[in-house]
Amino acid sequence: MKQINRTTQTKLNIVRAFMEVLKQKPAFEIKVSDITRQANIDRGTFYRYFESKNALIEDCEEEILNKIYLARENILHHVASVQEFRDNPNIIGPILTTVEDNLEMIDTLLNRLGDNHFSEKFKTFLADEGLATINKYASNKQMFSEKHRELFATSASSAIIGLIGVWSSRPSDFTRQDIEEVTSIISTKGIWGIV
């Protein structure tokens, strides 16, 4: 088993402490002292890793987005054509695995912070990545203007954020398979696939 170095372990301890404190009170009420008390560290240790509570949140957001980006890149590295997406709508499995492995953190960032900063950041990220995928793989780009492709990518990213938000806030009610099945229907048949 891979050994986690002390620096990484301390940083993880701070993140976990923040998530625990967030279960007890709203984010805007949390002070660095609450986090350090929960993590059983001094303020100096906290500030060695994070400039502020907001920097801690920003770091968590960037880490999640980077993990999802890497999962997406791994998929695209192995896909040669849009036909592969059509033939295998569950091709997004590695992305869903990444989300599933980070559900508690995603729930914290999407649902429990009391603002929509991460939601907007995540939506922009997914829309940009979706548009890049559309532009790379779509065989009928000429049929749709750049503006329409951007609107489609934005719409799809909003739907994905909604699914992930519900899944992360209620993991006992929805399984990864539920999310995969709905995503498969939407990606192959559109919204009309369910009516």
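Leaving aside its neighbours within four places in sequence, which residues is Arg72 in contact with? Select Arg72 and display its surroundings: the residues in contact are Ile95, Glu129, Ala132 and Thr133, where contact means heavy atoms within 4.5 Å.

Before continuing, please note that this is a predicted model, in which local features need pLDDT of at least 70 and side-chain atom pairs count only at pLDDT 80 or more, while totals for chains, interfaces and linings use all residues. Residues are numbered from 1 along each chain as its sequence is written, and side-chain values use heavy atoms, with hydrogens and water left out.

**First stop: Arg72**

Arg72 belongs to helix α4, residues 53–77; helices (H or I, at least four residues) and strands (E, at least two) are DSSP runs numbered from the N terminus. Arg72 counts as buried because its relative accessibility is 10%; buried means under 20% relative accessible area, exposed over 50%, and partly exposed in between, with a 1.4 Å probe and protein chains only. Show the side chain of Glu129 as well: the side chain of Arg72 makes a polar contact with it at 2.9 Å. A polar contact is a pair of N or O atoms within 3.5 Å; within protein, one must be able to donate a hydrogen and the other to accept it, and residues adjacent in sequence count only if both atoms are side-chain atoms.

**Second stop: the whole chain**

Zoom out and colour by secondary structure. The protein chain has 10 helices and zero strands. Of its 195 residues, 37% count as buried.

Select residues 103–112, which form helix α7. This helix is mostly covered, with seven of its 10 residues buried; among them are Leu103, Met105 and Leu109. The buried residues of α7 pack against α1 (6–24), α4, α6 (93–101), α8 (117–137) and α9 (146–169). After α7 comes Gly114, with a positive phi near 85 degrees.

Next, select Phe18, Ile35, Phe46, Leu56, Leu109 and Phe122, which touch the most other members of the 37-residue largest nonpolar core. Such a core is a set of buried Ala, Val, Leu, Ile, Met, Phe, Trp, Tyr and Cys residues joined through side-chain atoms within 4.5 Å. The largest share of this core, seven residues, comes from α1. Apart from it lies another core of five residues, including Ile75 and Tyr137. Return to Ile35: not counting residues up to four places away in sequence, its contacts include Ile14, Phe18, Val21 and Lys53.

Is Arg37 buried or exposed? This residue of helix α2, residues 32–39, counts as exposed because its relative accessibility is 58%. The C-alpha atoms of Arg37 and Val21 are separated by 9.6 Å, and the two residues are 16 apart along the chain.

Finally, select Leu12, Val15, Glu63, Lys67 and Met105, which are the closest to the centre of the second largest pocket among its 18 lining residues. The lining divides into eight nonpolar, two polar and eight charged residues, and α1 gives the most to it, with seven residues.

Notes. 1 Å grid on protein atoms, 1.4 Å probe; cavity = no way out; pocket = protein on both sides within 12 Å on 5 of 7 lines; lining within 4 Å. Nonpolar A, V, L, I, M, F, W, Y, C, P; charged D, E, K, R; others polar.
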